[in-house]
Amino acid sequence: NVSQGNAPPPGGIQLPRAAAVVKPTIAVLPFNVLSDDPHINFLADGLAEDVIALLARVPGFLLISRASSFAFRGHDVTVPEVARQLGVRFVVEGSVRLTNETVRISTQLIDAASGHVLWSGRFDRRRDEAVDLQEDIARGIISELEPELTRAEIAHIRRQRPENLNAWAHY
């Protein structure tokens with residue numbers, strides 16, 4: 001069909017389509033704020049944005065944009081539902097809460113299809129240091145998440161059954 005750009009190449013020979021490269025995809029959801037303090041809201045958004053920016057630098061993974069993942073803010077949806085709608089394999093979610101003068105950031109790496117937590121971490125900072133140390137907190141989260149993402153992806157690859165045994169033999 002020429003109007004849709006599906007015309008066969010000259011001579012009527014069908015060329016094989018290029019195989020799609022499937023990279024593991026990640027969505028970072030907005031961090032839940034468990035405080036009424038507006039500064040904590042600002043910190044939570046900044047942390048999620050910093051985690052997105054740092055994860056985007058990890059080779060071999062595709063990251064869903066902030067605009068797409070933040071569309072789930074305030075909606076009560078399950079991680080598998082987020083995975084289906086965004087087409088992701090992994091979800092990072094977290095929370096920020098204020099306890100006395102300490103800001104506690106909890107975060108999880110989740111296998112999106114099953115909802116299983118692959119990794120969980122907690123970071124505490126004094127309230128007066130939290131905004132200044134936002135980048136340090138985000139880097140701390142990433143330093144913990146990156147190896148877990150890699151391990152999870154290797155495990156996923158090992159669970160796949162080869163369709164072409166010759167290809168696996170050459171590998």
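Which strand is T99 found in? I looked, and T99 belongs to strand β4, residues 90-99. Before going on, I noted that this is a predicted model, where local features need pLDDT of at least 70, side-chain atom pairs count only at pLDDT 80 or more, and totals for chains, interfaces and linings use all residues. Residues are numbered from 1 along each chain as its sequence is written, and side-chain values use heavy atoms, with hydrogens and water left out.

**T99**

**Whole chain**
I got six helices and six strands for the protein chain (DSSP runs: H or I of at least four residues for helices, E of at least two for strands, numbered from the N terminus). The order along the sequence reads β-β-α-β-α-α-β-β-β-α-α-α. Of the 171 residues, 36% are buried. I then took contacts (heavy atoms within 4.5 Å) between residues at least 6 apart in sequence, and 58% of them join residues at least 24 apart.

**Rings**
I found R66 over the face of F70, 4.2 Å from the ring centre (the rule wants NZ of Lys or CZ of Arg within 6 Å of the ring centre and within 35 degrees of the ring normal).

Note on methods:
Buried < 20%, exposed > 50% of the residue type's maximum accessible area, 1.4 Å probe, protein only.
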